[in-house]
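Q: Please take a close look at the ligand surroundings in this model. I would like the contacts and the make-up of the shell, in one connected account.

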Amino acid sequence: MTDIVVFVETSVSGELRPSAAELLTAAARLGSPVAVVVTTAPLDASTAADLGALGAATVFNAVSRLLTTSLTGVQTAALAKAVEQFSPAAVILSNTLDGRDIAGRLSARLGAAVLLDAVDLRLDAGTIVATHSVFGGAYLTESSVDSGLAVVTVRQASIEGSAPAAAGQLTSVEIESQPLTSGVIDSIDDIVVASNRPELRGAKTVVSGGRGLGSAEKFVLVEQLADALGGAVGASRAAVDAGYIPQSHQVGQTGITVSPQLYFALGISGAIQHRAGMQTAKTIVAINKDEDAPIFEIADFGVVGDVFSVVPQLIDALNSRKP
Amino acid sequence: MKIVVLIKQVPDTYGERVLSPDTGWVDRAASDRVIDEINERALEVALTYKDSAKNTEIVLVTMGPAEAKDALRKGLSMGADSAVHILDDSLEGSDALATATTLAASLKREGFDLIVTGNESTDGRGGVVPAMVAELLGVPSLSFVSSVVITDDRVSGVRSDDTQTLQVHAPLPALISITEGSPDARFPSFKGIMTAKRKPLSVLSFAELGAEHPSARSRVVSNTERPARAAGRTITDDGSAGSQLVDYLVAERLI
Ligand SMILES: Cc1cc2nc3c(=O)[nH]c(=O)nc-3n(C[C@H](O)[C@H](O)[C@H](O)COP(=O)(O)OP(=O)(O)OC[C@H]3O[C@@H](n4cnc5c(N)ncnc54)[C@H](O)[C@@H]3O)c2cc1C
Ligand SMILES: Nc1ncnc2c1ncn2[C@@H]1O[C@H](COP(=O)(O)O)[C@@H](O)[C@H]1O
């Protein structure tokens, strides 16, 4: 069977990122998954076994001390080595900052074409076909590469299911030289997420707040409703710009794209760029005091009212249902 | 210091954007065309440096159809010194690698100390062209950075997502791609608009770059428009909206 190389992202301390499972699932549909993991110290057997359980037939561990000082350089070199060794049909990466950076470097280095931000991957008569959701889900397109290796990035939290467990056979290489074309990392801070709310990407329920919340203090109302519903917290760009919440919560054209079962828009006007990130939600609920707000054009249930009176009522009603 | 800013003209995100049914490419004629907002911020990064280091030269480069000239004129009116437009029918429908190959060839010809780009374009949303360009030119790149600091011989920035925050730097010559975390761009001044018309804008064909089209390419094989979303029910709060909403969520089995 053709090999499919998967780039597995890890935290600084070497824990697998959740995208590993998705990428291996996608890869297993196309061929035999080779998981490439880059670490500063040799990978322990249990992590290789974990990757095997997630579907990796082979685990290719590139070890380099330079990982924490060279910006994506070691990872690109490791993938180029894996391509040389396995002659895969595709290299699959997550559509993250690192994933896209490495995909671009690798594609240019090897002269391989890219398929970007795939929401699905399948094999069609031997050809790898990627599905993309374009212009905020207004279009679905499919693409493929004409010939040779395909370098593919996959949108986070978009691949469903799981791959059958495989051997997870561990092989290692060392990467020593400093890649000339890398930026230099001066320091790394892992962000520790203290909350037990679900991740915004892939959450079944998302509660987002906009400029209508008025201040960072009052934005807590959004979090309270999210917690009452067990959902994730999102925001409009205006709320991010006003400093109510960090940019990593931004939903929309230049933020995260979500497609939950239930999306709440609180004090959000529904500008087209915001809609581009959430209009594929199954059900949309909007609360806004302006009856002409464009968000009502796409809301399944709209409430014309003040968030500061409607949302507390809603939270009370939700809490009183709980046993 | 010579800073080249890569500018892309895109369909205005404020309007409806259309894919051509037969090619799956962006139908550029169907929407208003604007300079991508992220590229205005990229130019602002260069202009801010020039404010403090007057002997800085800022060159804009775009690859695109004839109308992309308007994006360059806007950039010139904001304060860039000159512009290069790569215009060639053979470039229509270019994928990321073909675009990067063309841009890299023009950058080699132009020369640079620093290249500033947007992190991702609003039409393609690929976000890989900058890394490709840097790789093809053999220079280090800092992708997806904000809080950019430029000095004579190096550039630094902060690169952050929901998992990590990195402090990064690179010696010049280098490429950076900046995020929306970079400040909003200035408006063109009246004087800027008047002098923009006299600033040099050169047009180059692909052949003049002496590059070759890459042999590998990606292709759109199908393209389906999704039906637009329709509005549902809207109520006006009379004090009972909260409980009506809960009833709705229960009926829809959402809670
Ligand atoms: C290139 C580009 C990319 C962009 N990307 C994004 C993106 O990714 N995400 C994004 O969201 N935007 C994005 N935008 C910005 C977008 O155009 C809007 O400016 C933004 O979405 C507006 O946010 P908002 O709805 O919170 O603010 P506003 O438009 O100011 O709306 C606030 C709403 O709150 C309502 N309100 C006020 N007080 C109350 C109250 N007490 N109770 C109930 N309702 C109240 C008001 O009636 C109003 O409708 C982008 C723009 C551009 C040009
Ligand atoms: N055709 C183009 N002409 C000039 N610059 C471009 C072009 N395409 C992409 N870029 C640059 O690369 C950045 C990222 O684009 P992309 O990789 O296409 O998402 C843009 O913000 C531009 O700075």
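**Ligand surroundings**

A: Strand β4(B) gives the largest share of the shell around ligand 2, namely three residues. The model is a predicted one, and every distance below is computed from its atoms. In total, 20 residues surround ligand 2. The closest of them are L6(B), N39(B), M63(B), S121(B) and G127(B).

Several elements of chain B contribute at least two residues each to this shell: helices α1 (37-52), α3 (96-110) and α4 (129-137), together with strands β4 (57-63) and β6 (114-118). By class, the shell around ligand 2 holds nine nonpolar, nine polar and two charged residues.

N39(B), already listed among the closest residues, places a side-chain N or O atom 2.9 Å from an oxygen atom of ligand 2. From the backbone, V129(B) has an N or O atom 3.0 Å from an oxygen atom of the ligand, and a polar backbone atom of G118(B) is 3.1 Å from an oxygen atom of ligand 2. On its own, ligand 2 has 480 Å² of accessible area, of which the protein covers 96%.

Turning to ligand 1, the shell consists of 28 residues, with R211(A), S236(A), S269(A), Q273(A) and N288(A) the closest. Both chain A and chain B provide residues around ligand 1, so this site is shared between chains. Within chain A, helices α6 (237-241), α7 (272-275) and α8 each supply at least two shell residues. Sorted by class, the residues around ligand 1 are seven nonpolar, 15 polar and six charged.

S236(A), one of the closest residues, has a side-chain N or O atom 2.6 Å from an oxygen atom of ligand 1. The side chain of Q250(A) likewise brings an N or O atom to 2.9 Å from an oxygen atom of ligand 1. A backbone contact involves V251(A), where a polar atom lies 2.8 Å from a nitrogen atom of the ligand. The protein covers 85% of the 980 Å² of accessible area that ligand 1 has on its own.

Helix α8(A), which contributes to the shell of ligand 1, spans residues 307-321 and packs with helix α5(A), residues 220-229. Their axes are 10 Å apart and meet at an angle of about 25 degrees. At that angle, α5(A) is roughly parallel to α8(A), because angles under 35 degrees count as such. The crossing of these two helices, α5(A) and α8(A), is left-handed.

Conventions. Residues are numbered from 1 along each chain as its sequence is written. Chains are lettered from A and ligands numbered from 1 in the order in which they are written. This is a predicted model: local features need pLDDT of at least 70, side-chain atom pairs count only at pLDDT 80 or more; totals for chains, interfaces and linings use all residues. Side-chain values use heavy atoms; hydrogens and water are left out. A residue is near a molecule or strand if one of its heavy atoms lies within 4 Å of it. A polar contact is a pair of N or O atoms within 3.5 Å; within protein, one must be able to donate a hydrogen and the other to accept it, and residues adjacent in sequence count only if both atoms are side-chain atoms. Accessible areas come from the Shrake-Rupley method with a 1.4 Å probe; for residues, only the protein chains shown count as cover. Helices (H or I, at least four residues) and strands (E, at least two) are DSSP runs, numbered from the N terminus. Ala, Val, Leu, Ile, Met, Phe, Trp, Tyr, Cys and Pro count as nonpolar, Asp, Glu, Lys and Arg as charged, and the others, Gly among them, as polar. Axes are lines fitted to C-alpha atoms, for helices over the stretch in contact, and angles run from 0 to 180 degrees between N-to-C directions. Angles under 35 degrees count as roughly parallel, over 145 as roughly antiparallel, 65 to 115 as roughly perpendicular and the rest as oblique. A crossing is left-handed if the near helix is turned anticlockwise from the far one by less than a right angle, and right-handed if clockwise.
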